[in-house]
Amino acid sequence: MEDKDLCRIGITRREVLQSSVAAAAVLAIGPLAAQSDAEAAVADVVDATVPTAHFDLNINGTRHDLTLDTRTTLLDALRNHLHLTGSKKGCDHGQCGACTVIVNGRRINSCLTLAVMHEGDEITTIEGLGTPEHLHPMQAAFVAHDGFQCGYCTPGQICSAVAVLKEIEAGIPSHVSEDIQNVAFSDNEVRERMSGNICRCAAYPNIVAAIRDVQHGEHI
Ligand code: FES
Ligand code: FES
């Protein structure tokens with residue numbers, strides 16, 4: 001642009017140079033500012049779209065207040081938020097039983113249910129069955145019969161076994177019950193009912209022996 005053109009629109013060469021320097025400075029810091037603004041905007045959107053709920057869970061007789069993403073599974077709530085890591089995550093797909101816990105007296109796979117669905121329920125995990133000093137009879141029987149090797153499946157096996165004996169005691173039939181009016185304990189009943197709990201070490205005979213022991217001792 002010629003000087004006479006600048007004069008015609010009422011600004012000087014000095015003012016043009018000053019505005020150019022200012023523009024360059026803005027461009028130099030612009031990307032960083034824009035980036036942090038974008039990150040903040042994304043974080044706001046994520047926060048706004050995460051559906052959270054405030055609820056409490058009764059676990060092993062203790063109430064826990066939680067505010068969680070409503071999509072959190074019971075297993076993840078136990079392990080990641082309450083640090084009750086006895087329940088194990090084997091498959092996270094309901095196929096191995098390592099995550100089994102007892103809810104209102106019935107065993108469930110905690111990886112297949114949402115924590116928010118269990119407000120008001122009585123949840124028992126392996127930590128609530130016994131302690132190293134005072135083992136639950138099923139825990140003692142697993143130790144006595146060497147019903148574990150690596151032990152990864154063991155918490156789920158024990159929770160399941162405790163509930164299995166109560167199921168049989170309550171007369172709830174299974175696929176292999178010979179008389180569905182009079183359900184009786186047998187090794188076959190145990191194998192069938194425990195079939196959702198996979199042990200990669202194949203300690204199955206010892207697990208059945210442990211459950212049989214507790215059933216005969218009637219310490220459930
Ligand atoms: S972790 Fe839940 S069934 Fe495998
Ligand atoms: S004891 Fe190892 S998977 Fe069961």
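On α5, the exposed residues V143 and A144 lie on the face turned away from the buried side of the helix. Here buried means under 20% relative accessible area, exposed means over 50%, and partly exposed lies in between (1.4 Å probe, protein chains only). The model is predicted, local features need pLDDT of at least 70, side-chain atom pairs count only at pLDDT 80 or more, and totals for chains, interfaces and linings use all residues. Residues are numbered from 1 along each chain as its sequence is written, and side-chain values use heavy atoms, with hydrogens and water left out.

The protein contains 8 helices and 5 strands, arranged along the sequence as α-α-β-β-α-β-β-β-α-α-α-α-α. These elements are DSSP runs numbered from the N terminus (helices H or I, at least four residues; strands E, at least two). Of its 220 residues, 35% count as buried. Among contacts with a separation of 6 or more, 51% come from residues 24 or more positions apart, a contact being heavy atoms within 4.5 Å.

The buried residues of α5 are M138, Q139, A141 and F142. They lie on the same side of α5 because they cover an arc of only 160° around the axis, the arc being that of the directions from the helix axis to the C-beta atoms. An α-helix has 3.6 residues a turn, so residues three or four places apart point the same way. The buried residues of α5 pack against α4 (126-129), α6 and α8.

| Helix pair | Axis separation | Angle |
|---|---|---|
| α5 (residues 137-144) and α8 (residues 204-217) | 8 Å | about 135° |
| α6 (residues 154-169) and α8 | within 11 Å | roughly 40° |

Axes are lines fitted to C-alpha atoms, for helices over the stretch in contact, and angles run from 0 to 180 degrees between N-to-C directions. With the axes of α6 and α8 crossing at roughly 40°, α6 is oblique to α8. Helices α5 and α8 are likewise oblique to each other. Angles under 35 degrees count as roughly parallel, over 145 as roughly antiparallel, 65 to 115 as roughly perpendicular and the rest as oblique. The crossing of α5 and α8 is right-handed, and that of α6 and α8 is also right-handed. A crossing is right-handed if the near helix is turned clockwise from the far one by less than a right angle, and left-handed if anticlockwise.

Ala, Val, Leu, Ile, Met, Phe, Trp, Tyr, Cys and Pro count as nonpolar, Asp, Glu, Lys and Arg as charged, and the others, Gly among them, as polar. For the crossing of α6 and α8, which is right-handed, Q157, A161 and L165 of α6 touch I207, I211, V214 and Q215 of α8. That contact comprises 5 nonpolar, 2 polar and no charged residues.

Positive phi values occur at several sites. A202, in the loop between α7 (187-193) and α8, has a phi near 60° and is partly exposed at 43% relative accessibility.

Key:
Chains lettered and ligands numbered in written order.
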